[in-house]
Each structure stands twice: as structure tokens, then as C-alpha cells.
Amino acid sequence: MMKLKNYIYGEWVEGSGDGTQLYNSVNGDKVAIVDTKGINFEHALDFGRTVGYKNLASMTFYDRGEMLKNIALYLLERKKKYYEISYKTGATHADSWVDIEGGFGTFFTYSGLAKRMLPNTPFWVDGDTQKLGANGTFLGTHILTPSEGISVQINAYNFPVWGMLEKLSTSLLAGVPSLVKPATPTSYLTHAVFEDIIESGILPEGSLQLICGSAGNMLEYMKDGDSVLFTGSASTGKKLKSMPSIAQNSVRFNMEADSLNCSILGLDAKPGTPEYDLFIKEVRNEMTTKSGQKCTAIRRIIVPENLIGDVQNSLIKSLDQVKIGNPLSRETRMGALAGKDQFAEVSEKIELLKTETELIYDGKQNLVDANYESGSFMSPKLFLNDKPFEKNISHDVEAFGPVSTIMPYKDAEEAAALAKRGKGSLVGSIISHDEKFVAETAWKMATTHGRIFVLNRDNAKESTGHGSPLPTLMHGGPGRAGGGEEMGGLNGLHFFLQKTAIQGSPDILTAITKVYQQGATPNYSEKHPFRKYFEEVEIGDSLETAGRTVTEADIVNFGNVSWDHFYAHTDATSLNGTIFDKTVAHGYFILSAAAGLFVSGKKGPVIANYGLENANFFKPVYAGDTITVYLTAKERINKGVKGRNVPSGVVKWLVEVVNQREETVCVATILTLVAKKSPFIKIDYKDFAKRLNNLTDKSVPNWGQMNAQQMLEHLETTMKYSTGELETSECKTPEEQLEKYQDSLYNFYKMPKDFPAPFLEDGKLPELKYKNLEEAKTHFIESVKNYQIYYRENPDAEHLHFVFGNLNKEMMELFHQKHVTHHFEQFGLFTS
């Protein structure tokens with residue numbers, strides 16, 4: 001019997017006690033033992049606060065986003081193993097998909113958010129800079145830094161994978177080390193995923209720990225700067241939150257508790273309408289997915305009083321069709337509860353519901369390849385509360401399983417009132433095509449709901465469903481639901497970050513925030529800022545342009561080109577009572593003229609205009625005025641690039657346009673897409689000839705078996721295949737992988753040192769063609785020269801490559817840059 005080890009202090013540690021036995025929910029077999037006896041919890045927390053915090057908080061937000069993506073990719077490759085374990089928790093394949101790949105998807109989402117929206121710094125500037133003095137020499141802003149502590153994350157048993165990963169997505173991205181405590185019954189699945197996260201070696205030391213079993217007195221050691229994220233029952237959460245170590249040490253506490261979520265069928269959604277059918281399907285799914293063990297499941301079914309009978313009959317008919325049993329069977333649509341303890345707890349709550357409400361459906365389905373005795377199976381139960389404003393049991397008691405209650409309402413006012421009687425819910429849904437009904441109901445029930453999900457025929461195809469929290473939206477709810485907030489896009493990081501106000505001069509704020517502040521000292525240089533690669537751009541790099549005098553012709557011509565014939569630009573007789581003295585230049589002309597002044601005409605690292613922000617016009621520009629532009633690098637934003645795009649980043653430039661009186665007429669921020677500097681060698685036969693002077697017969701490779709002459713003859717051969725002088729009739733890469741291989745030519749990852757050449761027979765190098773190294777050098781340089789000439793004369797040529805398939809001029813160039821760099825580095829002829 002496997003005894004799960006705990007991962008603390010950077011190593012796997014087995015508990016010293018007998019532990020707790022875990023069971024297969026489907027057949028009752030023993031699965032694993034968990035045990036935390038003997039663990040020094042105080043030591044574990046300190047290890048995270050010290051080693052973990054130092055390593056994780058020193059990384060940039062961008063790098064932590066990349067880390068999340070790499071972990072998700074690593075886990076995705078091993079997902080089959082997790083599915084094979086997940087069924088033991090009672091989950092069907094569909095249930096497991098939500099849990100397992102839903103968790104991976106959350107990591108991917110936060111990785112994408114980080115790489116698009118967060119800085120490549122260990123801190124995050126929050127909000128705009130505030131001018132605190134009349135002359136602009138005293139400014140203020142806010143920065144967010146990782147809270148200096150450890151996050152203890154206590155998860156529920158229903159989502160052993162997603163529950164862990166959705167919390168880690170925000171804590172790890174924020175730079176805060178975490179200790180995960182999964183719910184005991186299903187911790188063996190959490191353990192399997194966690195083990196692979198550690199095995200990947202992607203996380204820095206100390207950033208993540210795991211205990212499986214009792215948390216003992218761990219929370220007694222919480223300190224200032226620490227945080228607790230709890231998912232579970234409201235009663236347990238409140239006890240933990242009130243512990244002296246948490247309450248007195250200002251420990252941040254986030255609770256996400258179970259709630260009596262509702263779904264409202266609109267007055268318009270009568271039988272035969274798309275909304276009625278959607279409602280029945282949604283309620284059935286929420287009752288049976290994960291066997292109703294979802295904190296977002298529909299517990300209260302709020303229906304127009306004249307449709308109670310219809311809904312009851314339709315829902316019973318739909319539930320009757322649900323196959324219950326062994327999750328490994330293809331027939332099964334609903335599995336088991338997470339264990340016998342959960343079965344007993346749900347059964348107890350069902351008996352409580354019976355004291356006030358009528359059980360109108362007690363499914364007695366025959367199980368598929370399973371039995372009720374050994375497994376933890378429960379058929380769906382449907383109750384009817386005929387007087388939901390008098391009988392409160394439906395609004396007070398939650399049976400955390402396939403159990404729900406139908407209740408009637410008369411109008412939108414009553415529907416919202418019933419929704420609110422749950423005293424705080426994670427989610428409430430409204431299924432209706434009546435916009436007025438939806439609007440009236442939604443805002444009234446919003447005060448007691450964390451999320452409102454509206455479903456109708458218009459969004460049904462794309463809808464993710466009532467019970468699916470999404471990474472970009474807040475997950476949590478007021479009152480009974482715990483009052484917490486998780487995920488919600490970048491807002492989910494704020495729980496783990498310390499917000500600090502920063503005050504100082506423009507130069508000081510620029511130095512601290514790494515964002516240029518108006519009034520700071522600019523950096524002028526002879527090199528045009530647009531001639532610099534992304535990595536070379538320094539915050540504060542500036543350019544003062546020549547002046548341009550605006551003419552009447554400019555105003556007229558721009559009006560004709562743009563079709564902007566607004567009277568202020570075209571009709572001098574209509575200016576009485578306006579702010580203008582005479583016809584004025586278009587604001588967008590000023591921006592266009594400014595761009596004409598500051599751009600660099602030659603091809604360089606700037607790829608494209610990426611956007612425009614915060615454009616403001618302060619003074620009119622008339623014919624005869626002369627404008628000058630001050631361009632300053634304001635901020636650099638790293639950018640994740642996929643597919644066949646040039647690796648690049650976004651640079652924000654402050655554009656200040658002044659007139660001949662040095663009065664500011666326009667201020668804007670423009671964004672440019674700027675290429676990153678390639679780490680690979682440019683294909684240039686003259687440069688290669690110089691480098692080869694350092695290559696001799698005695699040159700020893702840094703890796704591989706080639707000698708210097710074999711390497712040059714190999715490079716010459718690939719050059720000749722590129723021009724058609726030599727030809728191949730086949731590509732060794734499978735068709736389904738070819739696109740991926742071709743995409744890889746565009747990134748800046750180096751070729752692997754151990755990549756086997758597919759064109760070699762039995763891995764043997766070919767016989768040497770030339771009598772010595774010098775002759776090989778001459779032929780190689782000649783082949784490079786011919787390659788360069790060939791593609792100047794034949795820019796549309798394509799040739800078949802052994803590994804990458806048909807390559808055009810651009811792809812062939814990218815291939816040779818990587819390939820020559822690979823072999824020149826092999827013999828010390830190129831260092832990046």
C-alpha cells in the first residue's frame with residue numbers, strides 16, 4: 001500500500017505515524033495512506049518564507065508567467081496518468097477533464113495575461129502617476145510587490161487538481177511561495193500532479209510545498225505577511241479565520257465556501273422555447289456533474305409558479321436518462337461521491353431537507369458495472385418547496401451532492417428575493433430571452449452573488465455553463481459564500497501583493513518604477529531610438545526633432561484625405577463663439593505630422609505601430625505655427641510571440657508636441673512593436689571567411705563527434721540543398737509535426753546539441769570530399785556566396801529540406817542562421 005510522502009523543506013518526507021487510509025470511491029479498494037505526523041510545520045513555513053520567497057520574488061512577473069506556461073505544458077504531456085487516477089475519486093472522464101485540463105488551462109490563461117499585460121520587473125506599477133505639486137517636480141504613484149510571507153492553501157476534495165492550480169496560478173505569478181494542503185479523501189490525485197511539478201525542475205527551490213493529511217497545528221505558526229486561502233465549509237472557514245495567530249497577526253484570509261446557488265427560469269421561457277430546454281439541460285448537468293459535488297452547483301431551482309408541474313416532469317424525465325456507475329464505463333454519465341464519509345454527510349442533509357420539503361424524485365437507477373454497497377454512489381434527489389418564503393430549510397441546508405430543490409415564484413421581484421435568501425452565493429443564473437426581466441432581476445440579486453450567469457438562445461453555443469468559474473472572472477461570493485475573491489484576471493494577484501505609495505521627483509520615480517515620468521532628465525544620443533533593438537532601448541532614450549511649419553495647404557489636404565470636414569478646419573465664417581481664432585489644424589494631423597518628424601525612414605528593429613494611448617490636445621495649431629516633437633522611451637513591455645512572428649516586445653514612447661513658443665499642444669503615448677536582437681549569426685560570406693581564420697585542424701569541438709573539416713563540409717552540403725544544386729526527394733519529419741518544426745525557425749531557441757541528423761545512414765558521418773581543411777574552407781565560403789546571390793536573383797524560390805519541409809527564402813535564411821550558429825559555437829567561432 002502506497003504511503004504518500006509530503007514535500008517540505010525541499011525534500012520528500014514520510015510521516016512517522018500510522019496515517020489515514022484513503023479509499024477508491026468506486027469499489028471501496030484501498031488506494032493510499034496519508035500521514036503528517038512528525039512534520040515540523042514551523043520549519044516548513046519558515047523555509048517558504050526565506051528560501052522560497054527569495055527565489056520566487058526576485059523573478060520578474062514576465063518570467064513567472066513563462067514558468068506557469070512551462071509547468072502547464074509539462075503536466076499536459078502527462079495527463080493520461082492523472083485521468084487513470086482521477087476515476088478512483090468517482091469522477092467520470094468529463095468530470096476529470098474539468099478538473100485536470102481546467103487546472104492546466106488556468107495556468108495557461110495566467111501565463112498569457114502575464115506576458116501580455118505585466119512588466120518584466122519583480123514589481124508592478126499600479127495606476128497613473130499623480131502630480132502632487134504645481135510645477136511637476138513632486139510626483140506620486142503606487143507599486144505592488146510580493147507580500148513577504150508564505151501562502152497556505154487549504155483545498156476541497158471535489159477538485160483535487162483545479163482546486164490546487166487555480167490558487168497557485170495567482171500566488172506563484174505574484175511571487176509568493178505556497179504550501180498546499182489538499183483535502184484528505186482525494187489527496188492522492190493532487191499528490192500525483194504535484195509530484196510531476198516538482199519533478200519538472202521548473203520551480204525555484206522553496207517556492208512550493210505539500211502536505212497530505214492533517215494540518216495539525218500548522219496555522220498556529222502564521223505570521224505577518226502570510227496568507228491563507230481556504231475552500232470548504234463556511235463553519236470551518238470561520239473557525240480558522242478567528243484563530244489568534246491569523247486574526248492578531250493581520251494574516252490575509254480568503255474564504256470560498258459552499259453556497260446555495262440558484263437558477264431562475266424566466267417568465268417567458270415556456271415549454272417549447274429554446275430557453276426552457278436549455279434550463280432543463282443546465283439543471284440536470286449541474287446536479288450530476290461531479291455527482292453534484294461542486295460549490296457552484298445549482299441547489300435551488302426557481303421556476304414560475306405556473307410551470308412547476310412542467311419543470312418537475314421534464315427534469316425527472318431528464319434525470320431518469322442519466323447513467324450512473326463506474327466512471328471507466330463509456331455508458332456512465334455520473335460517477336460516485338468522493339467517499340463513504342461524504343455519502344453519510346449528504347444523506348444526513350437529505351434527511352434535514354425532508355423535514356420541511358417533499359422529496360419528489362429519488363432516482364433508483366441500476367448502476368453500470370458497480371454496486372451501491374462497495375462504492376459511494378448516490379442517485380439524484382429532487383425536492384419541492386411549495387412555500388419558499390415560509391419554509392426556510394431550502395435556503396439554509398446544503399446537501400453537497402446530486403440534490404436540488406424546485407420552488408415557485410410569481411414575478412421578477414419574487415425571483416430576485418428568493419435568489420437572495422441563500423444569504424450569499426457564488427453564482428446565480430437566469431435563463432431567459434426577455435431582456436427586461438433579466439435586467440430587473442440581475443441587478444436586484446447582484447448584492448448577494450459573486451457571479452450572475454445569463455443563458456439564452458443567443459449565447460448557448462459558446463456558453464461555458466452555470467457552474468464553470470473562469471480565470472478571467474472573479475470566483476467567490478459574499479455572505480455564506482465566504483466573502484472571498486479568487487482569480488478574476490490580474491485582480492486575483494492583488495491578494496498576494498503589497499501596495500505601496502511612492503513619492504518623489506520625476507527622476508526618482510523614473511529610477512524606481514522603470515517607467516519614464518514627464519519632467520525626468522532625458523537621454524539624448526546620436527543613434528536614433530528607432531534604430532535600437534528591444535533590449536537596447538533604455539527608459540529615457542530621447543529624440544528632439546526638427547521643426548515643421550504648418551500651412552493652410554496642410555489643413556486643406558488633410559481634410560480632403562481624411563474626409564474630416566469639421567467646420568473648425570474648413571469654415572472660417574463659423575468660428576464666432578468658439579475657442580478658435582481661425583481655421584485650425586486637425587488633431588490627428590498634428591499626430592501624423594509628429595510621427596513624420598520622429599520616425600526613422602530606414603528599415604530597422606521597429607516593426608510596426610502597435611497602438612495609441614492617452615492622446616490629449618491642449619492648444620490649437622494654426623497655419624504658420626511650427627511644431628517640434630520630443631520623443632522619449634517611456635516603458636518596455638516584454639511580449640510572448642507565437643508561431644511565425646518575429647520575437648519582439650512593445651515599447652511605449654511619450655510624444656510631446658510643442659509649438660514655437662514651447663507651449664505643449666499635444667501629448668500622447670504611442671506603442672511600437674520592436675524586434676528583439678537575434679542571438680544567431682547573419683549569413684555573410686565575408687564575415688564567415690574572417691571567422692574561419694581561427695579554425696584549424698587542431699580545433700576541438702565543444703560537443704559532438706565532427707572534426708573541423710567534417711563540420712564545414714556538412715555546412716556546405718546544406719547550403720547546396722538550399723539552392724537546388726543538391727536535391728532531396730523526402731522530408732524525414734512526420735506531416736503532423738511539420739508546422740511545429742517550421743514555426744520553431746522563427747523563435748530564438750538554439751538547436752539542440754544532441755539532435756540526430758536524419759539524413760545520415762546509421763548515424764555515420766560521410767566520407768571527406770576534400771584533401772584538407774583549407775580546401776573545405778574555400779568550398780564552404782563559395783557555397784555561402786552562391787546561396788546569397790541565388791536568393792537575390794530568385795526571391796520566390798522554395799526548396800525541400802530534410803527536416804523542415806518546403807522552405808521559402810525567409811525560412812531558409814532563418815534555418816541557416818540557426819544552423820551555422822550551432823556549428824560555429826560547436827567550434828568556438830561564435831559567442832552570443
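Here are some notes on this structure, point by point.

1. **What you are looking at.** This is a predicted model, in which local features need pLDDT of at least 70, side-chain atom pairs count only at pLDDT 80 or more, and totals for chains, interfaces and linings use all residues. Residues are numbered from 1 along each chain as its sequence is written, and side-chain values use heavy atoms, with hydrogens and water left out.

2. **The chain overall.** Its C-alpha atoms fill a box of roughly 90 × 90 × 55 Å along the principal axes. There are 23 helices and 31 strands, where helices (H or I, at least four residues) and strands (E, at least two) are DSSP runs numbered from the N terminus. Of the 832 residues, 54% are buried; buried means under 20% relative accessible area, exposed over 50%, and partly exposed in between (1.4 Å probe, protein chains only). Among contacts (heavy atoms within 4.5 Å) with a separation of 6 or more, 76% join residues 24 or more positions apart.

3. For 538–639 the figures are 26% helix and 30% strand, with the end C-alpha atoms 17 Å apart.

4. **The largest nonpolar core.** A nonpolar core is a set of buried Ala, Val, Leu, Ile, Met, Phe, Trp, Tyr and Cys residues joined through side-chain atoms within 4.5 Å. The largest one holds 54 residues, and Leu 165, Ile 197 and Leu 493 touch the most other members. Helix 5 gives the most to this core, with 7 residues. Leaving aside residues up to four places away in sequence, Ile 197 touches Ile 71, Leu 75, Met 164, Leu 165, Leu 203 and Leu 208. Apart from this core lies another, of 36 residues, including Tyr 791 and Phe 830.

5. On a 1 Å grid over the protein atoms alone, a cavity is a set of points where a 1.4 Å probe fits but cannot get out; a pocket is an open set with protein on both sides within 12 Å along at least five of seven lines, and lining residues have an atom within 4 Å of a point.

6. Of its 44 lining residues, Thr 129, Val 515, Tyr 516, Lys 634 and Glu 635 lie nearest the centre. Strand 6 gives the most to the lining, with 8 residues. By class, the lining has 17 nonpolar, 16 polar and 11 charged residues; Ala, Val, Leu, Ile, Met, Phe, Trp, Tyr, Cys and Pro count as nonpolar, Asp, Glu, Lys and Arg as charged, and the others, Gly among them, as polar.

7. **A look at Gln 737.** This residue sits in helix 21 (residues 735–744). Gln 737 counts as partly exposed because its relative accessible area is 34%. Val 657 is 80 residues from Gln 737 in sequence and 51 Å from it in space, C-alpha to C-alpha.
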